Amino acid sequence: MGLSTDRFVGGDVSQIGRGASARESSSFKDLEEKILSQFSPYISAAASQASSLGASAPGKSARSVRSRDDAGSPASSAREASATGCAGNLGSCFPNRLRERDFLPSHLHGAPTKRSTKLALEMFQNMQVYDSQNYEPSDSKVDRSAALNLPRSHYYWSNVYRWLLALAIGVTMGLVTFCMLNIMNLLITARTGTTERLVRAGNTPGAIAFFVCLAGVLGLAATLPVALLNPIAGGSGIAEMKVYLNGIHVPGLLRLSTFATKAFSLCCSIPSGMVLGTAGPYVHLGAIVGGGLGSLGSNQFKFKLNKGHVDFQSKFAHRSFVTIGIAAGIATIFTAPIGGVLIAFEDCGSFYLGSTKMFWQCFLATCSGVFVNQLLNLTLEHGDITFFDTTKDHRAFGLYTDLEAMYSNVYKFSWWEVISFAVMGVVAGLAGSLFVYLHMVVHKTRWRWFGVPWKRVIEALAVAVVTAGVAMAITSLSPCSPLPDNIADYPMTRNTTVAAPGSGQNATEVPRNPNFNRLWCPEGSYSSFGTLFLNPAGISLKEVTHLGETVDSQDQFSTVALVAYMLFIYIGLILTYGSAVSGGTMVPLLAAGSCYGRLCAKAMKQILLSMGQESAANGLSYSTYAVIGAASLQSGASRMTMSIAVLVLETFGALELTIPLMITIFFAKAVGDLTGTGLYDAYIALKGVPYLPEDEISYEQKMISEKLDVQEVMTSNLVCLPPVPTIGQVVQVLKTCKHNAFPVLESEGEEEEEGDRGAAGAGFPERNMLGYIFREQLLNMLDKGIGFLEDGETHYDLSDSHEEVLALVEDMKVIPVKRDAGGQAEVIGSLSMEEVGLRIDLRPFMQLDPCIISSTANVAKAYRLFQKMGLSHLYVAPPGPRPIIGVITRKDLTFENCQLQLGERASYEMSRAASLSSGGLSRRKASSSFRLGSEESGEEKGVREPQGGGQRTRGIPQRRRSE
């Protein structure tokens, strides 16, 4: 029989900070010893086998299996465990040569080791702060009554509004991206341009001081609002969005204040020179825009524009619009409409969200966002654009326009190079896993040392200053390389008039190109390090990948420069990401990967030359290797596959590299999965989030879930409510337990002093379940006086007015805000003593027909139901035969069959209404008795007309207190 997961929690969970180790809890070690002691038979079996292996002769095979019957008595097993040091220490029972099949039967394979047990216990400590979202469609009597009276026009215009909202989300993200990118570009240009002018004027100390001090000012501005006001706005937000779309509520994630904080922090962190990218935060920004526009309102600022369209307020609809916003956000920043859609579905969603129709709506949003952003950029850049001009923009990671680059001539490869690309993927997978491991070590250390907000400010400020100082130090040591002889043939080269040294006369014209920074170098040369280190990763990525490709001059950067910049980005990103600023990892990883790819191209060229293959060596494309290296390192760290491949194809214009990219990414992800966890999944695991990945994503998950029954993992300590409890009973239940939903059981005619607990020993409610109601619904009813019954009333009946019922449905919606502990105390504290003695009718507002599964069902089946249907609770019924009244097949759910059934109901109700009308009743009153959609009368379904004495018909409740 399963018990609550609370048995795995020790200490005060409120003291566990975000990302902090659960081991800091004072009672954690006692809990660990208690849990490990429960595994004593398992430990003893392992100890016995370990002892026999340790005493075996050197030539004896370690694969000899000792059966459970040979393990001896429990006492002897305990002695063996004590002798081998295994008692209370599960890990010491697993020498490297001992495998679980040596001492466990196959039906127990997958039992935890000491390390996995401790990790699970730490996870449960942090898991207590998270609540589940319920994406199941609302199915209360109030919702049914409202839906039954909605006309065809409502559904038609709701469908139209969804398409218009998808378009609006895309256009809004296009505007947001245009404004933010131009603000960042202005700050970057001012910072690098002023530094170069000071250097050329001979004021080196002033240039260094300006560069470093401005980095500190921008870094401080980026971290203050995040560390002190809105910590959820820090980082990229991708892990948080994966969690939200998986069905977990993250407080404050989608607020407008979070949008403002994240946008401001990002506009300061990128120009400061910190090793961060812009892509990840745009996932979060797009989600906030999508959720806000989709809801047509804001709960934080108390306004709503969605009157009459309650379906837009459902959690499922809100999740759909958030997904559309994610796609639009990543598409506009990368100018990649297809890649944006794939990232939203593959990387942020743990399973396929919604339907093909929502996929189309995502694509509409991404295309409209990219179009608006490009149109505004063209207008700003050229100014004289007309309606009939051709496009002049270039790709997100393209240094030149498509007409100048001629990508079909640049991206080329020979079929033998596929082998080298696969090897690159293997190395990138190892490098990605190493990156994740080192970063998680740094992140855990960060939360131990810099957990206080003001310390996080100091840390981010120090990172910004040190990063700028290191960049300037490396740049000052850069060797001066001569400008290419064909510099005049490079795009963006302009002739500049320069006076002769020591004289204001005999001025000459010299070619200048913004991609070749001169800095301390004499005229006619450039600083190869300065070209990379003084710019953000997104600009340097373009130069590493594309500089020189239009003039067939590929070797613009020395091996030393590429190695130095790759390590600078790799190490800098490990230390910077996760600090209290907004920024992502995608662009820096692509930049480091492009350097890795160029280095591989240089190495391959030397190998071919040593083999005498000069023609093959000269035919290598450095840009090809740079693009493949960028995609492979990103995939090795984040585990992105198809989405990163399509994103690279769009942003680099590398359509010719489709096959090499997929092969390299496959090897990078495979090796990465074998050697570690992806970056965002590591963050989710560290925070202890009850995340449910795709059921087939892990063979271990599938193996364990197929070996367990539902009754072994379920929680049996249910807290239930009667259909019409007193308000005092509801308050007592809310205050004494942390459950997020409560089953409603049929009444036996007697009052319960507290919430009805599950039957002792059996683990199941004593009476039949009528439905269930959420904590947030109860708080909303208490707050607004909904469902209250005066003395003598037995039912809370709904009004005949459709408008009033619809307003009641809107009043019950609390999307997307959830009540926190402070809100609950405020609501309960506002109740008067007279109100506490009243009764409250839960029947019209509880969720009817909950999803129920047999206790003997397979856990794998429950997992699929829970995840695919977006449930927050799956209730368990006793085993054994039960009565059935019918069956539904695929044919019964077809549109045609449902339409015919509705026609049959319409014929019956219209004929019934005509007969009642001929008997003296009005058509309106007769038809209103069928508003719950049953062939039975309204009284038979429990929806009665007011008859005085016991019931009263109501619509919108009077607000109990002002808002």
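**Notes on the predicted model**

1. Helix α30 is mostly covered, since ten of its ten residues are buried. Buried denotes under 20% relative accessible area, exposed over 50%, and partly exposed the range in between (1.4 Å probe, protein chains only). Helices (H or I, at least four residues) and strands (E, at least two) are DSSP runs, numbered from the N terminus. Gly785 follows α30 and has a positive phi, near 70°.

2. On provenance, this is a predicted model, in which local features need pLDDT of at least 70 and side-chain atom pairs count only at pLDDT 80 or more, while totals for chains, interfaces and linings use all residues. Residues are numbered from 1 along each chain as its sequence is written, and side-chain values use heavy atoms, with hydrogens and water left out.

3. Which strands does α30 lie across? Helix α30 (residues 775-784) lies across β10, β12 and β16, and runs at about 75° to β12. Axes are lines fitted to C-alpha atoms, for helices over the stretch in contact (heavy atoms within 4.5 Å); angles run from 0 to 180 degrees between N-to-C directions.

4. The three strands form an open sheet in the order β10-β12-β16, with antiparallel pairing. β10 (741-745) and β16 are the edge strands, each with a single partner, so one side of each has no neighbour in the sheet. Two strands count as paired if DSSP finds at least two bridges between them. Between β10 and β12 (residues 769-774) there are five bridges, in the antiparallel sense; Ala741 has Phe774 of β12 as its bridge partner.

5. Two residues deserve a check of backbone geometry. Most residues other than glycine have a negative phi. Thr335, although not a glycine, has a positive phi of about 50°; Thr335 is found in the loop between α11 (315-334) and α12 (337-348). Asp849 also is not a glycine and has a positive phi of about 50°, and its place is the loop between β16 (847-848) and β17 (852-854). Are these residues buried or exposed? Thr335 counts as buried because its relative accessibility is 18%, whereas Asp849 counts as exposed because its value is 54%.

6. A nonpolar patch on the surface is formed by Tyr156, Trp157, Tyr161, Leu164 and Leu167, with about 500 Å² of accessible area together. Patches are made of residues with over 30% relative accessible area and no salt bridge; like charges are joined within 9 Å and nonpolar side chains (Val, Leu, Ile, Met, Phe, Trp, Tyr) within 5 Å. A salt bridge is a side-chain nitrogen of Lys or Arg within 4 Å of a carboxyl oxygen of Asp or Glu. Accessible areas come from the Shrake-Rupley method with a 1.4 Å probe, and for residues only the protein chains shown count as cover. Tyr161 lies in helix α6 (residues 152-200) and is partly exposed, at 32% relative accessible area.

7. Ile539, in helix α19 (residues 537-546), is partly exposed at 30% relative accessibility. Of the contacts with a separation of 6 or more, 79% come from residues 24 or more positions apart. The accessible surface comes to about 43,800 Å², of which 60% belongs to carbon and sulfur atoms.
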